[in-house]
Amino acid sequence: MSTQTETLFPLEPAFEVITDGACLLRGAAISHEHDLLAEIDSIAARSPFRHMVTPGGFTMSVALTNCGSAGWVTDRSGYRYDCIDPETGKPWPPLPVCFRSLAGSAASRAGYHDFHPDACLINRYEPGARLSLHQDKDEHDFDNPIVSVSLGLPAIFQFGGLKREDPVRKYALNHGDIVVWGGPSRLFHHGVPALKKGVHGLVGSMRINLTFRKAL
Ligand code: SIN
Ligand code: FE2
């Protein structure tokens with residue numbers, strides 16, 4: 001490929017540094033969109049999306065399901081990873097091969113080699129759904145990064161610091177964007193304000209986010 005063609009159609013999508021240890025890979029999942037969406041449908045057929053209750057008794061506006069050997073769950077007794085889907089009483093569906101390879105290659109591009117996630121939380125946002133500022137800290141080790149894949153409607157991603165009151169930067173996340181955070185930013189607060197109404201050509205009137213973790 002000539003240099004000029006490479007400039008017009010870069011082989012590697014854009015890499016934006018968010019902060020030390022965190023970056024945004026724009027459009028990095030687009031070439032896998034059909035496989036990812038087909039896998040999400042088959043996972044949801046086995047372990048349906050549901051609105052879980054927080055320990056404080058609030059029903060989450062985001063609906064979720066999981067795949068992998070562990071799934072993130074919440075109920076009145078707390079947040080945790082569980083190998084069994086509490087709704088079906090069965091193990092979560094396995095991590096599809098295309099999920100593993102996408103998460104591994106995104107982590108590598110961000111400088112985290114040998115990322116082998118065992119958990120993928122699948123969040124579904126409908127208009128109005130939001131996720132308040134939080135840290136991902138229910139995992140056993142914080143040496144591995146988080147890889148987060150956005151599909152469907154655009155959202156604002158808020159990325160703060162170690163303390164809840166630290167200043168927050170905002171990023172527009174579009175279909176196919178991947179955010180990776182780890183190392184010094186592994187425990188940084190992040191959140192998603194209420195999703196705006198809209199229709200995405202492939203995904204419809206929702207946003208789906210996959211977050212890959214090494215949980216166990
Ligand atoms: C999460 O923090 O679990 C999800 C973040 C997102 O939806 O982008
Ligand atoms: Fe999170």
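**A tour of the cysteines and the ligand 1 site**

With a disulfide defined as a pair of cysteine sulfur atoms within 2.5 Å, the count comes to zero disulfides. This is a predicted model, in which local features need pLDDT of at least 70 and side-chain atom pairs count only at pLDDT 80 or more, while totals for chains, interfaces and linings use all residues. Residues are numbered from 1 along each chain as its sequence is written, and side-chain values use heavy atoms, with hydrogens and water left out.

Cysteine 120 counts as buried at 0% relative accessibility, where buried means under 20% relative accessible area (1.4 Å probe, protein chains only).

Now select ligand 1 and display the residues with a heavy atom within 4 Å of it, among them Tyr125, Phe157 and Arg207. For its polar contacts, pairs of N or O atoms within 3.5 Å, look at histidine 190, where a side-chain N or O atom is 3.0 Å from an oxygen atom of ligand 1, and then at asparagine 209, whose polar side-chain atom lies 3.3 Å from a ligand oxygen. Taken alone, ligand 1 exposes 260 Å², of which the protein buries 98%, by the Shrake-Rupley method with a 1.4 Å probe.

Finally, colour strand E13 (207-213), a DSSP run of at least two residues numbered from the N terminus; E13 gives the most to the shell around ligand 1, with four residues.

Conventions: Chains are lettered from A and ligands numbered from 1 in the order in which they are written. Buried means under 20% relative accessible area, exposed over 50%, partly exposed in between (1.4 Å probe, protein chains only). A polar contact is a pair of N or O atoms within 3.5 Å; within protein, one must be able to donate a hydrogen and the other to accept it, and residues adjacent in sequence count only if both atoms are side-chain atoms.
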